[in-house]
Structure formats: structure tokens, C-alpha cells
Amino acid sequence: MHAPVLVLKDSLKRESGTKVHHANIQASKAVADIIRTTLGPRSMLKMLLDASGGIVVTNDGNSILRELDIAHPAAKSMIELSRTQDEEVGDGTTSVIVLAGEMLHVAEAFIEKNYHPTVICRAYNKALEDALAVLDKIAMDIDVKDRTAMLGLVKSCIGTKFTSQFGDLIADLAIDATAIVGVDLGQGLREVDIKKYIKVEKVPGGQLEDSRVLKGVMFNKDVIAPGKMRRKIVNPRIILLDCPLEYKKGENQTNAELVKEEDWGVLLKMEEEYIENICAQIIKFKPDLVITEKGLSDLACHYLSKAGISAIRRLRKTDNNRIAKACGAVIVNRPDELQESDVGTGAGLFEVKKIGDEFFAFIVDCKDPKACTVLLRGASKDLLNEVERNLQDAMSVARNIIKNPKLVPGGGATELTVSSTLKQKSSSVEGIEKWPYEAAAIAFEAIPRTLAQNCGVNVIRTMTALQGKHANGENAWTGIDGNTGEITDMKERKIWDVYNVKSQTFKTAIEASCMLLRIDDIVSGIKKKQAPGAGPSKPQIETEADADNEQMIPE
């Protein structure tokens, strides 16, 4: 009597596992299909309505998926992939989703044949190791100092983006900006911190061609007293503060008991003396410009302007850090701790300019700046936002090359080489893992296939011709030119990818598909809403008698 119950429960479990696999794979494929059309230079743009009702027009995989509101957990984890890719290497956000979707798609056939997911994952991991070995073999080194090679590489990486129509502009900006903020770590390594030390300032108006990289920083502030303080200073001495130049107010309620009438005057005098004292300590160093992150009272403003010092207050901390990096100043927390070495003398010019209807302060022409601002001009906000997204990608590409100066072919050539090598190797894989291994090899062809689809050429003919060329192993650099759809040598057309981006794409896609395949049950932790007035529901306890009433599931 007991045995059938166990058998029944077991078959129920397996059914749920397979169902969940199907649901996960379908959800992942749906996400991949959304952004499949945005791969390559001839790709479509997507128009998105964001939460605040604004519109975003882009073909950047990560930006599109970020705006999606999806409830399915598997689809959510797919969206996480493109975010990981964006944070890690900044490029390849679309490819990673397309590849992961394809990996899961080819695994579906094996799940139906009752292959265990662990077997498939083992084969996939083996395929990943071999794919990375192929990447190492076909990668070629590049000289970071060679500007034309760098320009060509950055251009080919952002050639798939909307701004590729503006020629070298974005690539130039990206290379200049990353060259400025690069820091040598020794042993030939360079660290480039894009987030902290490169600020992108978008100012609507003007033409896109007016965009430039400033050898210094700019921020949206004016001096406190425009009439009294200078708005243009050549070779300024700059002091950066992180403290208020005003009298400290009491924390919450402060009582001061005054006995005589004159005491009130004494109290005010003490406040004034305190501020005068602070200003005297600053004026002692003869600065031309004082910038503080906190407030600055009218009285302090008076003392500083009398001494011919320009002052700016309430600046963002991040901006202050950038100014410190650009002009060589040290941010000081207490005015009485000021030293001569804290004064920044590296800037060549401080100037306040009016752009549009706002004032911007420029601290530029710095001697050896380690921070910079990219000033973007353009017709509309939407255009500027898209240009900024593309610029971020371009700077990430430049950073990746500086970190690891290796190239692999673009245009789907890398994936085809990996695919043909894995197909040949699959014959030497022993046991049941051979088939999923071969399927993984075929899955890599999704990238060139999608490129061909987006160019509008005959996909089957193009793919057959490409597979034929790669099967002979004659040239690993044969791929698709994304603009025309022709089969050409990527070296001649200068269509390249960065090694870091490719290896990260492969790793992320395969590891994520393995993770999703391993999920055999989704349990919701969200409580269902009860009808008002209903008491807490009792858990249902299944007895042996109930088990007989359950319907058997046919094999």
C-alpha cells in the first residue's frame, strides 16, 4: 500500500522539475528575443517608456532590459546578466543575453530526453574551458601607446551603437578621457577609474561636434558674490575645504542666558570674531579661489571678497574629489590645519562661463590632471542621454584595452572559430556528455547568425558559407561585416573586439545558463492576500488516504 504513494510522489516531483525547466527556458528565450534585434551596426533602436513617463531611445542591451518590468524569476536573472556585464566590462551586454538564451534553447532538447541537468552543465563547463583556450590562441596583442590602433579598436567596438554615425568623435573623447585618468600601478599595469574621476556633463544646445574633453573639471556653480569676486583667474591658488565657513548653530535647542544688555553685543561679537578668525587662517595662504562643500556665511563672503578671493560653496563631494585630483590640492577638514602643501597650484585657469542660461565654473589647463570632465553638447536631452551611454561603453572599451591589451576578431568570427574547434573536439569527448558539448558548440553560432539576420542578408546561405570557411580552419578572422552583410576578413575591415569583453561574455553566458538549468522548482515566498475577516489558514496535512484520491500521471 505504501509503495505506490512513494512512486506517485516521485513522478509528481519529476514532472514539476521538467515543467520548471521549460518555463525557465521559455522566459530566458523571451528576454533574448526582445534584444536580439539590437545586435550589430545595422540594428534596430528600441523606444522605451520609463517609470517617470519619459522616453528613452536606445539600442544598448543593458539600458533596454533595465527598463523592463518582468515578474518571472528566470527572466529577472537574465536581466541581471547584462547588468553584470555592463559593470564588469561595459560592453557586450546584448551578446551575453543572446548567447545565454541560445545555450538554454539547445539544452531544451536534452531536458526532454531526460538528460540530467548536471550532465548538461558538466558538458557546458568543459566547452567553456575549451572556448577560452581558443580565445587565447587567436588573440593578438596591441600597443596601447599606438593611438591609431586604439582609435580603430574603440571605433569598431562602438560601431554598433547609435553614435557611430558621428565618425571618430566618441572614440576620440573616450581615448582622451581614459588617457588622462589612467594611474600607473607599477609592473606595467594601469588602473582607470571611470566612475570616480571622469564626469560627463551634458549641456543641451550647440552641436555634437562641440563636445570635448577638458584638461580639468567643470561644475554647475557660480561664485557667491558675482559683482565683488573675480570670475576669471589665471594660474589660481586653490584651497578645498570640507567644513562650513559660518558660525556653528546649536544642535537642537540652545539656551543662552543674558544678564546685561551689553552681553547680547558680546555674543554677536564672538560669532563675528570666530568667522573672522577662520577667514584670517585661510587668507594667510593667499589663495585665489576657496571652494567648500558646506555653507559659507555672508560675513565670511565679505572678508574673502575684501581679500580678493573668489569663493564657491555647497559643492558636491564627488566634484570636490575631482578638483583635488585635477589641480593637486588636498581637501582640508579644519581651516586651522591648513598647510602650504594643501594648496592646489596645478590649474592653469579658473573661469566662470554662461552656457545657455546657466553658469558653469571651469578649472582647466591643469598641468598633470588625474581627473577630467567630458563636456557633451547636442540638440536634445534624448540625444545627449544616448551619446552619454555610448561614451560610457567607449570608455569601458578603452579601459579594458589598457588593462589587458589583447584583441580578438569581431563580426562573429571569434564565435565561429570557437564553434568549429569545439565541434572537432566533441568527437573525443567520452560518454553521454558528448551531445550537450556539441550542442554548446552550435549555440555559439547564434551571434553571427543574429548579425546576419540584422543585416537583412540570406541567413542560411551566409551561415553555410561561413561554416564551410571555418571548418577548413583556413582563416580564424573570417566573419560578417555588420554593415553590408558580406563575408570578409575582419583584419582588413578592422572589425575587432576586446579579449576581456569576449571572455567575460562567454563566462557569464555559460555559467548563468548552467545556473538556470539547475533550478528544478520555484517556490513562491509571497503570501496570498486573504479575504478580510478570514482567520489564519491552517496548513493542509496530507494523509495516506488522500494520496489514493490523487490522479495518477500517465508516463
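Predicted model: local features only at pLDDT ≥ 70, side-chain atom pairs only at ≥ 80, totals over all residues.
The protein chain contains 19 helices and 20 strands. Of its 555 residues, 50% count as buried. Among contacts in the protein chain with a separation of 6 or more, 74% are accounted for by residues 24 or more positions apart.

Helix α4 spans residues 93-112 and thus comprises 20 residues. The distance from its first C-alpha to its last is 30 Å, close to the 28 Å expected at 1.5 Å a residue. Because 17 of the 20 residues of α4 are buried, this helix is largely enclosed by the rest of the structure. Asn114, which follows α4, has a positive phi, near 65°.

A helix pair is formed by α5 (residues 117-138) and α18 (residues 499-517), whose axes come within 9 Å and cross at roughly 175°. Since angles over 145 degrees count as roughly antiparallel, α5 is therefore roughly antiparallel to α18. On the α5 side, the contact is made by Pro117, Ile120, Cys121, Tyr124, Asn125, Leu128, Ala131, Leu132, Leu135 and Asp136. The α18 side contributes Tyr499, Lys502, Ser503, Phe506, Lys507, Ile510, Glu511, Ser513, Cys514 and Leu517. By class, the contact of α5 with α18 has 13 nonpolar, three polar and four charged residues. In general, an α-helix has 3.6 residues a turn, so residues three or four places apart point the same way.

Leu240 stands opposite Ile291 in β11.

Another open sheet of four strands has antiparallel pairing, in the order β8-β15-β14-β9. β8 (217-219) and β9 (232-234) stand at the edges with a single partner strand each, so one side of each is left without a neighbour in the sheet. Neighbouring strands of this sheet are turned against each other by 25° on average, direction ignored. Strands β14 (residues 349-355) and β15 (residues 358-364) run antiparallel and are joined by seven bridges. Lys353 stands opposite Phe360 in β15.

Conventions
Residues numbered from 1 in each chain as written. Heavy atoms only, no water. Helix = DSSP H or I, 4+ residues; strand = E, 2+ residues; numbered from the N terminus. Expected span 1.5 Å × (residues − 1). Buried < 20%, exposed > 50% of the residue type's maximum accessible area, 1.4 Å probe, protein only. Pairing = 2+ DSSP bridges. Axes fitted to C-alpha atoms, helices over the stretch in contact; angles between N-to-C directions. Parallel < 35°, antiparallel > 145°, perpendicular 65-115°, else oblique. Contact = heavy atoms within 4.5 Å. Nonpolar A, V, L, I, M, F, W, Y, C, P; charged D, E, K, R; others polar.
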